[in-house]
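This report describes strand pairing and helix packing in one protein model. The sequence and structure come first.

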Amino acid sequence: MLEGLKVVEHATYMAAPGAGGVLADWGADVIKIEPPGGDPIRQFFASIGTDITDNPVFDFDNRGKKSVMLDASEEAGREAIRKLADDADVFLTNVRPGGLQRSGLNYETLSKRNPKLVYCALTGYGLDGPDADRPGFDIASFWSRAGVARLTIPKHLPPFPLRTAQGDHTTSLAAVAAINAALLERVKTGKGRLVDVSLLRTGLYTMGSDLAIQLFFGRVASTKPREEATNPLMNFFQTKDGVWLCVVPRQGNGDWAKIGRAFGAPHMIDDERFATPKSRRAHTQDLIAGLDAGCKQFTAKEFAERLDAEQIAWAPVQTLADVVEDPQVIAAGGIVETPSADGDAFKAPASPARFHGADDGPKGPSPKPGEHTEEILSGLGYSAAEIKSMRGEA
């Protein structure tokens, strides 16, 4: 879909490279600018004390890109980046605003040279305000500062970290959407624009329903253990064979009788303690105890069939080991074959959207550090000696 679109990615770690990875899957020509030594995330496993040499974390965000190694601390390297952006459609960066301003790689400078440029600045906290130049990572800016960590845990429990790059990749999707909106606008106006995407604002949006309640009422309900759930029917239940299932009733009271039958607890349906949402909330623990006892009568297969017969929404609570074997994950295209540099292929997560009838998967392996430096910079007219210098090599 994005064939012919040139993206210059001046970014490291995960959120901005994740956005570039999605654009590359969808056909864009993404040139990844790496500092001497390469993107630090290439050292992901070494940083946690392992001897693993393969790096599926890097491969996932960077497959199908071309890598150019440039020393942006030197003016020659910075000018090469400007030249790459001169005929680019998109410039994607997560360098902090102050550094971009000092290096002449800010929006004002690049857009004067290329008025059609869509410039996406992906930061921790946005381009304005007292913390605009503060370094940001998803566990800090998205998870902690936006309130996600505090709201996610039940009261009185200490915070825990989010999983690897969860906030980063959510922000990647926000950046992809914003970039494509700006590209659509450019079709109509002929002009690019500055796109401001942050981990903080994406975190706020992901918690938007709760934040809307907080803003309107001045308070919000805390997250509670399953035995104290605000809506006890929307909960997790364990079957006779130890499998946990998530059960989700529709809004209103219409699913209560269906749930009572599915759980093998018809005697609970007309119990006045459980007859209305308000009374169920007042007797949450008794209700959950009764439903737990009902669920324990059945295996996961039997219980799933009973829920389906009543048309109740449910899902298994799966491990990632379960997920990779899930036939629906495979059918939905959630896992794709990704080329490796040695010509083989390995399985990796797919991009988040499917375009039926189009090639929307990985376009190639992730690049080696600086693999395409000579190819791309020589195309800009640089000599071999100049290229070696800009790579930070003596």
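Which residue in E2 is the bridge partner of Val8? The partner of Val8 is Ile31.

## Basis of the model

The model is predicted: local features need pLDDT of at least 70 and side-chain atom pairs count only at pLDDT 80 or more, while totals for chains, interfaces and linings use all residues. Residues are numbered from 1 along each chain as its sequence is written, and side-chain values use heavy atoms, with hydrogens and water left out.

Helices (H or I, at least four residues) and strands (E, at least two) are DSSP runs, numbered from the N terminus. Two strands pair if DSSP finds at least two bridges between them.

Strand E1 (residues 6-10) runs parallel to E2, and five bridges join them. E2 is also joined to strand E3 (residues 66-69), by four bridges and again in parallel. Ile31, the partner of Val8, stands opposite Lys66 in E3. Strand E2 (residues 29-34) is mostly covered, with five of its six residues buried; buried means under 20% relative accessible area, exposed over 50% and partly exposed in between (1.4 Å probe, protein chains only).

Helix H1 (residues 15-25) forms a right-handed β-α-β unit with E1 and E2. Right-handed here means that, with the strands pointing away from the viewer, the path from the first strand over the helix to the second runs clockwise.

H1 packs against helix H9 (residues 166-189) at an angle of about 55 degrees, and their axes are 8 Å apart. H1 is therefore oblique to H9 (under 35 degrees is roughly parallel, over 145 roughly antiparallel, 65 to 115 roughly perpendicular and the rest oblique). Axes are lines fitted to C-alpha atoms, for helices over the stretch in contact, and angles run from 0 to 180 degrees between N-to-C directions. Residues of H1 that meet H9 include Ala15, Gly18 and Val22; among their counterparts in H9 are Asp168, Ser172 and Ile179. Contact means heavy atoms within 4.5 Å.

## The E7-E8-E9 sheet

Three strands form an open antiparallel sheet in the order E7-E8-E9. Strand E7 (235-238) and strand E9 (313-316) are the edge strands, each pairing on one side only. From one strand to the next, the twist averages 30 degrees.

Strand E8 (residues 244-248) is joined to E9 by four bridges, and Val247 has Trp314 in E9 as its bridge partner. Helix H15 (residues 300-309) packs on this sheet and touches E8 and E9, with its direction at about 10 degrees to that of E8.
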